[in-house]
Structure formats: C-alpha cells, structure tokens
Amino acid sequence: MKRQIRLLFFLILVASNTHASQVLLDGGVKINGLWCFPSLQDTTVYYYLPNEATLSLQPNGLPAFSMLRYVENTDGSEPSKQVISKATGGAIVHFLLSYGVQDQQRKLAENGLRQQLGNDKIVVKGPIIFSQARYALVSSILTKGKATLLTAGDAPVLEGGQLAFSFQLSPADSKLFLESFKMATPDLSLIFDFTFSGLSQAYNAEMEIEWSKLYSYEKMKSKGGYWIFKYEAERVVEELFQENAIRLHATGEDKMMDGLIELAHEKATNLLFSPIDIRQYRTQNNQVLEGILDAVDQVADRFGLGLFGGGFEAGYTYREIRQEGISKFSFNKRTALDRHHFITFNIGDLFKKYGENPKVFKTVNLADPDFEQREVYIGLDGQLNTAFKHMVNNVTVVLKKEHEDGTETLAQQLVRQDSLGAVQPLKFVYGNRKDTDRSQWLHYQYKTIWHFQGGGQMETDWETSASAMISLFVPYEHRTVFLDGDVKSVWEKDIQAIVVSIEHPFFDQKKVQRQIIRKGDVLDSKNFQLTLAAGQYSCDYEITWVSRKGNKSKKGLDKFGVILIDEIPQ
C-alpha cells in the first residue's frame, strides 16, 4: 500500500511539474550523457530526456524476461524410415521493457549544469513527457543473416512505463536465438523514437518562396498520391534551397545560426508536404517495412549527432499548391516545434547471468495444454496522453474469444488517463477450453468504444487478431488553429473589432467556434482548439472586420493551421 501511495504521489508530481512548463529547445545542453532543457517560465529549472532502456524487474528481483522452449511430441502416424524422429515445438519469447534515468546520473547532470553555467540555483526537476513514442524491433537471426525489422509499434510516453513484447519461434529459430543469447551482444535490438515539443528562438529573419521556380523543379511536378519518408522530403527541400527557389534572409547575429537554418528547412517541409501515418501501408506493401529499416539505419548512423526533426516512421505526401508570385514568412516569434529523441537497447549478456535459472530460460514438454493461458496486453498510443487532456474521457476495450468447446470468453478493460502511468500493464487473460488447434487458439476478436469530451461516442467493428498486444490508436486528433497577421495595420484602417468563426464536423453534427479580437488583445491567446477525425487537416472559416463605415467579410478553407486576419478585402 505504501508503495502504491508513493507511486501515485510521483505520478501527480510528474504531471503537475512537467506539463506546467514549456522548454526552450535552443537552450538544450547534453551534459554527462543527459539532454537537459531549460523551462520557459524559469530558466533555472531544467527537464531531462530519459536516456536508457532496461528490462523491467519482477518482484523477486529477476528480469521480466522469459524464453520458454517447448516440445510437442508427434503421434508418429507419418511413415518414416528413421527410428528416431523429430518432435515439433518452438519457443515463446516474452519480455517487458521500461526506460528512464538513474537518479545518480540526474544528480551528476544537475551538478554539471551548475558548474558550467555558474549558478547553484539550477535544478534538474524531472522528465519531459513525450507526446508520442514508437519502437522498432530489429534482428537478423530469424532472417538468415539479413537485418530485418520484425515489428514496430507504440511505446509508453511516461518514464517508467512498461512495454510488452511476445513472439513465437520455430524449433530451428529457437535454437539460433538461444545460441545468440550466449553471446555478449545478442542479435535482438530495439530503437525507440520519442517525440517531444519545445519552443524555438525568435530570429530576425525572413524566408521567401518563389513559386514559379518551385513549380519548375522536377521533383515537385505531378506527384499525386505518391508518398515518401521524411528524410526524403528533407532532401527535396535542401535541393530547393540550393536551386534558390527558397531563400533565407537574416540580419545581425542571426545570419549564420544553425538553429535558424534548421527552423527554415522545417517550415518549408511543412508547407510543401502533408504528414501521413505510413503504418496503414504495412499490410499492403512490404516496401514500407524495408523503408522503415533504412530510416532506422540512418538514425543509427547519425545517433551521436543529437536530436532530430523527424522519426523513423515519418511519412509525407506532396501538397497540392496553387500559389503565385513570392510568399514571405517571418521568424520573429518563438515557434512550437516537435523534436525526436532516440534510445537504443540490446538484450545484453542475459544468458550469462540467468542461463541456468529455469524461471528465465526453460525447456518443457507440453504434456497438457489445458493448463496454458493466453495473455493479451493493451498498448497505449503516445497520442493518448494529449487526447485525454483535450478530447477523450475514456476508452473501453472489449475482447471476445470463442473456444472449440462452444463456450465464449468475454472481458473488457477501461482505459483512463491514469492508465498511462499504471505500474502493471493492462491485459486480458483467457484459458484453453478444448482448443486443440494451437494456432487458432491465439486468435481472438476485439473492439473499442471511445467516449469523447462534449458527448461524442464512437464504437469500432469487431477485429480479429493473433497479436500479443492490442494497440490503441486515437481515431481523432487534437488540432490548434492559430490567428496571425499584422493587426497594427488593421487598427489603422479604422477597424473596431475582428470576428473569426470556424466550422468543422464533430461526429454527426457541425461545431462552430468564434473568437473576437479587439484592439489591445494578445493575439497568441486567440486560437482555436479542434477535435478532428484522424487525417483531416482542413476546416471552414469566416472573418468579419467590424467598422463604423460598414463591415467586410471573407470566407475560406484553412489547411495549414494558420488564419491570416490582416488581409481585408477591398
């Protein structure tokens, strides 16, 4: 009980301290192996990026890992000339991972910052909460020497959260895996891709896009529905800068800053390309898995260089652009940016320490399958952390298993915001009820029921799966639409107020929001918080400029998350 109380107190402390502060990306320091970033509100307070993934520990102190090699005797009905025949079987590998930072390293980083910056008041307060976390599991043992992406999925966004892995091996592969575990560096590695947000510096700079030159560039012509990985999109943008289709102008101390150049490239990438979720292509195109592996290799090659603007699963499509002339974009304000942080993990010399312990490595003969049970974990998508704050109340996950004896297992789990930090992962358990078909026994059905803030509800259809984890993906996205423009020039035209209305679909109804801007208002506080279906990035808007001489209005469709309010129609 005391342990649970301490854990609850820790989670409340993390939630209140970490989310209460935005970090400054340009102030990030890597010290004693730990990335630390200052808070916008108080630059003596720093937040760190977790840097180490480890096997979780069981209550008995053993690692949360098991390799169970099993043997199933055949009945010998097939004719054979051999006196000794081979049994069937294989192995089931299961392990739980978590990531974080050792307290000793946090203290070393804190002392290092104090010495480096000459300020004894500096405190490394806690971890940065990730908005999304992904992983890729890579091995060459199971693919005869060729490195292959075995699987990719979602990881917990909170430090200390557990991630479950479970997969089945053939008899030959189980032998290869066992021999690999006897080596110092077994051939089973993961790379974690964590997304977090921060604020850039404000620069005295401006970016120009000359659309005629951009349209003449070969790689921007007639791309249609073609999609590419993010590192390919960044390469296109780099070439556009070299071709002078995109130009960056800076004055004073900002002229040669790497941060400014990176910000300009990221801005151009977001203007020319639309983000997509390439996970939907996995079952349709094997090239996606190969492309993710290539991206993982690129991240690994550049791992020592620091943080990245994109992850190994970032995908883009070319936007349909109909601009003319020259467009200008200013960088004189701080910008909220997403950055990616990577952690690599290898199982390590596990067999050397626990090879003789049957609780970790064991070979059994399955004499009675009736005693087996199936565990199915619930994987929480990283975006759920943001979704619970802005649009989701809770999610109900329902599992149904039809057994061969005609009975049915029906169970449900309720996922709430506090589920993200739970010590024990959510899971379903069902047993064997005369399920003689071993492969079919792994299959089950599940569905999810989403309850949204504001009264919306969505229930998915039943899906069939044999996976060891049910991954929850948010079917709706939280999106912020910002208002921007030179409001000073608007007030000079005798405008008394600006009224901006936004209309967007919300399940089976239309939702309307409105903002009124008056002289003296802070424009940064006048934004819209929307709940949109996943993949929908546009909404209708109407702007009305109120004046004693008569009102003027303008309607439009926003696709970029920014509405300019200083373009008054003539």
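## Terms and basis

Helices (H or I, at least four residues) and strands (E, at least two) are DSSP runs, numbered from the N terminus. This is a predicted model, in which local features need pLDDT of at least 70 and side-chain atom pairs count only at pLDDT 80 or more, while totals for chains, interfaces and linings use all residues. Residues are numbered from 1 along each chain as its sequence is written, and side-chain values use heavy atoms, with hydrogens and water left out.

## Helix α5

Helix α5 covers residues 230-242, and its 13 residues should span 18 Å at 1.5 Å a residue, which agrees with the 19 Å between its end C-alpha atoms; the expected span is 1.5 Å times one less than the number of residues. Lys230, Ala233, Val236, Val237, Leu240 and Phe241 are the buried residues of α5, where buried means under 20% relative accessible area, exposed over 50%, and partly exposed in between (1.4 Å probe, protein chains only). Seen down the axis of α5, these buried residues fall within an arc of 145°, so they line one face of the helix; the arc is that of the directions from the helix axis to the C-beta atoms.

## Two loop residues with positive phi

Most residues other than glycine have a negative phi. Asn244, in the loop between α5 and β14 (246-250), has a positive phi near 70° and counts as partly exposed at 36% relative accessibility. Asp494, in the loop between α11 (487-491) and β29 (495-506), has a positive phi of about 65° although it is not a glycine, and its relative accessible area of 29% makes it partly exposed.
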